[in-house]
Amino acid sequence: MSFISRGFRGKRRDTASSSRLPPGQYLVNDFPVLSAGPTPRIPQAEWSFVIEGEIDKPRSWTWDEFRKLPTEQVTKDIHCVTKWSKFDTGWTGVSVDTLLEGVDTAAEYVVEFSYGGYTTNLPLEDVTGGKAWVAFEFDGQPLHPEHGGPARMLVPHLYFWKSAKWIRGLRLVNEDQPGFWEQNGYNNYGDPWREQRYWGD
Amino acid sequence: MTAQQSDMKLDGNAIGGLLREIFAMEMTMAQGTCANCGKVHMVGEVVVYLHAPGVVVRCPSCDNVQMKIVQGRGKYWVDMSGVRCLEFSV
Amino acid sequence: MAGTAVLGRLIWQFGTLAELVQETPKVASLILDVPGWTGHLAGQHVDVRLTADDGYQTERSYSIASPPEDSRLAITVERLDDGEVSPYLVGELRKGDKLELRGPIGGYFVWRGEDERPVLLVGGGSGVVPLMAMIRHRAANHLKTPTRLLYSSRSLDDVIYRAELERLASAGDGLTVTHTLTRMQPPGWSGYARRIDSAMLAEVAWPKAQMPIVYVCGPTPMVESAASLLVDMGYDPASVKTERFGATGG
């Protein structure tokens, strides 16, 4: 029987069983900030988003061009591999389907790459069909830099490390390329419902 | 530096316990040569981000990632590819 | 002077709270009995681990405030109202309760007292804790190492170990303590009343020709600012040791 610190509750977390909570997760009220490095500061005038790789003609948007694209407001549950989940988070973003409209590619995989050097990898089918957005507002407010602003990926059906902050672009690739955490113990796919946190899960 | 940035940024002292778990000895005085810029820093001085899905260690001179440490399922995954050479005495 | 093992994995062991000493309205020292404690060096810290009844665990690091000479281990904790761990340690933990900890940890930010070089200690807020272990170690061994503490606090009420520092500094054995109060000063205050800057360091620090060893500890922005000012002033970077507390735990 391991030691329990008498009277210690820890931060507010709700493990009450809910069919909305994936296994091993708890619900939080705040929005924890996790970071692997300094927060990039990208002035809007210098920001761009690109789609490159296995594509006939790479695409790119400046901030002004990006903000002219059709946007969606979505409400999603998000799940971090460090075990916290948040229900009903509100985002405004451009669907990846919009960004890939008309793109002809044989690529099966995608690498999300960010300002600051972070990368994460996914099958292309996990960012298409209404599953992924490039989000620039959280709860109706411009996305704060510590949460990934000016824009981040939002791929809520996977653990949140698959939603790269400070997104710079997507690279379409024929072969899967494990990203920053996938190279170092974190699961290559990351389905919270199958609790795919680490290698071998 | 903003409050948010500084909150996240620590130094090698903060992973003294973790490194001792992995190396079975005190490591904050070890000297690491950065694989990117070649500068040598004591582990006690490296930049450490603890609030991530894992620990990230960066070079204080060039900010390149020197180490990543992930713990889970009873294992450690340690990437030291950003350290060309680690010098320490037993 | 007892050495401290540098080899071998540390085990989690238990300390029992023997006494809680309120240092300031927000800061208290936990005095612990730790059976089997192997000793430590001034400047080292312990990792503390708390476990809730559903198995949730979290860890924090705390600098050891007591010198190696004390039979009990002391850590000094600043209670942050929105913190997760500090309100438990300062507020819930009672005499007789057990606290899981491991240590001592650290070899870089230590002062053994064997070096004859003058010492400059620069502390901000709870960053003074490991520096106090060094000062207490110096006192316990009646060392005469020329030592200066530059200690930044928000107000006089926030100065940790205030009476003890006053007493030690008035012993005339080579220790001076200089305070700077950054937010509020008492009436008649003639000391520094601003954040540490190069002018202040120029007045307080040992001349670089004396090749002091410097220990800087406190919140990350304060440590980075003071350390880089010292290096800009020509102090040898290898002699300026830093320990960042980030957002001071919580």
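**Close-up views of a predicted three-chain model**

**View 1. Confidence along chain B.** Among the elements of chain B in this predicted model, helix H1 (residues 3–8) has the lowest mean pLDDT (56), and strand E2 (residues 31–34) has the highest (98). pLDDT is the predictor's confidence in each residue, from 0 to 100. Helices (H or I, at least four residues) and strands (E, at least two) are DSSP runs, numbered from the N terminus. For chain B the mean is 91, with 92% of residues at 70 or more. Where pLDDT is low, the predicted coordinates should not be read in detail.

**View 2. Fold of chain B.** Chain B has two helices and eight strands. Their order from the N terminus is α-β-α-β-β-β-β-β-β-β. The radius of gyration of chain B is 13 Å, close to the 12 Å of the globule rule for 90 residues, so chain B is as compact as a globular protein of that length. The radius is taken over C-alpha atoms, and the rule is 2.2 Å times the number of residues to the power 0.38.

**View 3. Chain C against chain B.** Here 22 residues of chain C contact 21 residues of chain B (C-beta atoms, placed from the backbone, within 7 Å). Strand E6 (98–105), helix H5 (220–232) and strand E11 (240–244) of chain C each give two or more residues to the chain C side.

**View 4. Chain A against chain C.** This contact takes 12 residues from chain A and 12 residues from chain C.

**Conventions.** Residues are numbered from 1 along each chain as its sequence is written, and chains are lettered from A in the order in which they are written. In this predicted model, local features need pLDDT of at least 70, side-chain atom pairs count only at pLDDT 80 or more, and totals for chains, interfaces and linings use all residues.

Note on methods:
Two residues are in contact if their C-beta atoms, placed from the backbone, lie within 7 Å.
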